[in-house]
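Please keep the model in view while working through the points.

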Amino acid sequence: MYAPRVLLWLAGIAGFALTVVFLSTGTPAPGIACLVLALTAPGAAEVYADRRRRNDWFASEFGTFEGFRRSVDVDAVRRLRDEDGVVAAVRSLRKRYPRLPLAEAARLVREV
């Protein structure tokens, strides 16, 4: 469950260490590549963790997409989508359910 997150953090830490090694030996190209890895890997790890948390919440709260659909007032979502647009309807769903994954909100708005 947490293995990808841990591996990405370890890659970031290793990237910083390798950056120091490469830059101190006078080879800047690999050092810059390692610096980019060191800066992006922890961010990717946290994005992964956030998505995982949201998906786990969705699965525990609703079980399936149909369970989610049954718990939402689809007529209100349809009316909001028709009047204000898809983005406003998705935003409204995400305000009502703050942990709702974006993909599930967009799917509901698209299907109603």
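This is a predicted model: local features need pLDDT of at least 70, side-chain atom pairs count only at pLDDT 80 or more; totals for chains, interfaces and linings use all residues.

1. Lysine 95 counts as exposed because its relative accessibility is 66%. Here, exposed means over 50% relative accessible area, buried means under 20%, and partly exposed lies in between (1.4 Å probe, protein chains only). Lysine 95 belongs to helix α5, which covers residues 86–96. Helices are DSSP runs (H or I, at least four residues), as strands are (E, at least two), and they are numbered from the N terminus. Between the C-alpha atoms of lysine 95 and arginine 81, which are 14 residues apart along the chain, the separation is 15 Å.

2. Residues are numbered from 1 along each chain as its sequence is written, and side-chain values use heavy atoms, with hydrogens and water left out.

3. How do the axes of α4 and α5 cross? They come within 6 Å and cross at roughly 140°; axes are lines fitted to C-alpha atoms, for helices over the stretch in contact, and angles run from 0 to 180 degrees between N-to-C directions. α4 is therefore oblique to α5. The classes are roughly parallel under 35 degrees, roughly antiparallel over 145, roughly perpendicular from 65 to 115, and oblique for the rest.

4. Which residues make this contact? On the α4 side they are Val77, Leu80, Arg81 and Asp84, and on the α5 side Val86, Ala88, Ala89, Ser92 and Leu93; contact means heavy atoms within 4.5 Å. By class, the contact of α4 with α5 has 6 nonpolar, 1 polar and 2 charged residues. Ala, Val, Leu, Ile, Met, Phe, Trp, Tyr, Cys and Pro count as nonpolar, Asp, Glu, Lys and Arg as charged, and the others, Gly among them, as polar.

5. How many salt bridges does the structure hold? There are 8, a salt bridge being a side-chain nitrogen of Lys or Arg within 4 Å of a carboxyl oxygen of Asp or Glu. One of them joins arginine 54 to aspartate 50 at 3.2 Å, N to O. Both of these residues lie in helix α2, 4 residues apart, about one turn of the helix. Arginine 54 is partly exposed, since its relative accessible area is 22%, and aspartate 50 is partly exposed at 31%.

6. Arginine 52 and aspartate 56 also meet in a salt bridge, at 3.7 Å, N to O. This pair, too, lies in helix α2, with 4 residues, about one turn, between one position and the other. Arginine 52 is partly exposed at 30%, and aspartate 56 is partly exposed at 33%.

7. In helix α4 (residues 74–84), aspartate 75 and arginine 78 are 3 residues apart, about one turn of the helix. Their side chains form a salt bridge of 3.0 Å, N to O. Aspartate 75 is partly exposed at 46%, as is arginine 78 at 32%.

8. Alanine 29 is located in helix α2 (residues 28–62). Is alanine 29 buried or exposed? With a relative accessibility of 58%, alanine 29 counts as exposed. Its C-alpha atom is 9.7 Å from that of threonine 19, 10 residues apart along the chain.
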